[in-house]
Amino acid sequence: MKVTVIGSGNLGKSIISGLANSDLFDPKNIVVADADPDNLEIIKAQAGVSVTESNLEAIKESKWIILCIQPRILQIVLDQIKDHLREDQVLISTVTGVTTEDINEVVPNNKVIRAMPNTAAVQQQSMSFICAENNEDEDVEFVRRMFGTIGKAIIIEQRLMKPATVLGASGTAFFLRFLRALTQGGVQMGFHPHEAQAIVAQVAIGAASLIEDGTQAEVEVDNVTTPRGCTIEGLNAMEHNGLTSAVIKGVMAAFDKISNIHEA
Ligand SMILES: NC(=O)c1ccc[n+]([C@@H]2O[C@H](COP(=O)([O-])OP(=O)(O)OC[C@H]3O[C@@H](n4cnc5c(N)ncnc54)[C@H](OP(=O)(O)O)[C@@H]3O)[C@@H](O)[C@H]2O)c1
């Protein structure tokens, strides 16, 4: 079974590396096309995949074609491949703000499934969202399984793709900025930056693991918060400076921005 990835930029590289390390595809059966030959060399060396500068060459033998290109490039690529697609080929679009209906207007005879992963796909730790016009279609479940090999993947209604993009994709940057802030605090207290970052990363993984089973986050916060102790002192100082409010405002600013991108 072959899969083609068109676009090996930030997200494409992460997906390709994640899939190449999964049991689902032999790296040789992952065909990558990109306009930038340097990107192709990097991903070939990193993941052992097949590469080509020709999108048409890349789509020849694959049932699954993942589009990892910028929205402004999508129309160009669709126009290029539309007359060369077989009807059994499935397009998987990661392109932000473009619906399955938009793509089917150009490519009416092919199934289109949307996938919204994040860059932690490279560590097989993505949070990915999958949707199609008909989520009951068996190919949608296969695509969920495919993205399930590079982290967690859930099928959602298409109307939730914008909130999913903010929480799931932008969320990576939000967390990393918070981790950087904690790291800076660690340095001020006396750790070297690399030590502080390693500590903060492990604490984040541990904290996330505590709520993986659905336990309310505040229950675990209470478990760390001794009355009159240092944790509550720190938490309250953060709240007095607007931590929760700043995060919610940031999420909603991102949502406002993505909501102004055309989508049905
Ligand atoms: N980054 C994320 O976390 C994330 C998460 C979810 C979804 N997305 C979506 O994923 C898509 C890709 O994002 P990205 O950050 O990976 O973009 P990117 O880094 O710009 O990568 C796009 C790649 O496509 C190449 N390309 C340009 N024109 C092409 C063509 N005609 N045929 C084949 N390849 C071509 C680009 O080459 P050049 O550099 O030479 O132009 C570049 O290597 C976007 O639509 C974005 O909305 C991103």
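**Reading a predicted model: burial, contacts and a ligand**

Guide: In this predicted model, Arg114 is buried, with a relative accessible area of 2%.

Visitor: Why is Arg114 called buried?

Guide: The term buried applies under 20% relative accessible area. Arg114 has a value of 2%, so Arg114 is counted as buried. Arg114 belongs to strand β6, which covers residues 111-116.

Visitor: What makes the pair of Arg114 and Val98 a polar contact?

Guide: A polar atom of the Arg114 side chain lies 3.1 Å from the backbone oxygen of Val98. The cut-off for such a pair of N or O atoms is 3.5 Å. The distance of 3.1 Å is within 3.5 Å, and therefore the pair meets the distance condition.

Visitor: Why is Glu101 called partly exposed?

Guide: Glu101 has a relative accessible area of 32%. Buried means under 20% and exposed means over 50%, with partly exposed in between. The value of 32% falls between these limits, so Glu101 is partly exposed. Glu101 is located in helix α5, residues 100-106. Between Glu101 and Glu133 there are 7.7 Å in space, C-alpha to C-alpha, although the two are 32 residues apart in sequence.

Visitor: How many residues of the protein count as buried?

Guide: Of its 264 residues, 38% count as buried. The protein has 11 helices and 8 strands, and its C-alpha atoms fill a box of roughly 70 × 40 × 30 Å along the principal axes.

Visitor: Which residues surround the ligand?

Guide: The ligand is surrounded by 24 residues, of which the closest are Leu11, Asp34, Asn39, Ile69 and Thr96. By class, this shell has 12 nonpolar, 10 polar and 2 charged residues. Helices α1 (10-20) and α4 (71-81) each supply at least two residues of the shell.

Visitor: Where does the ligand sit?

Guide: The ligand is found in the second largest pocket.

Terms used. Residues numbered from 1 in each chain as written. Predicted model: local features only at pLDDT ≥ 70, side-chain atom pairs only at ≥ 80, totals over all residues. Heavy atoms only, no water. Near = heavy atom within 4 Å. 1 Å grid on protein atoms, 1.4 Å probe; cavity = no way out; pocket = protein on both sides within 12 Å on 5 of 7 lines; lining within 4 Å. Sits in = over half its atoms within 2 Å of the grid points. Helix = DSSP H or I, 4+ residues; strand = E, 2+ residues; numbered from the N terminus. Nonpolar A, V, L, I, M, F, W, Y, C, P; charged D, E, K, R; others polar. Buried < 20%, exposed > 50% of the residue type's maximum accessible area, 1.4 Å probe, protein only. Polar contact = N/O pair within 3.5 Å; in protein donor to acceptor, adjacent residues only side chain to side chain.
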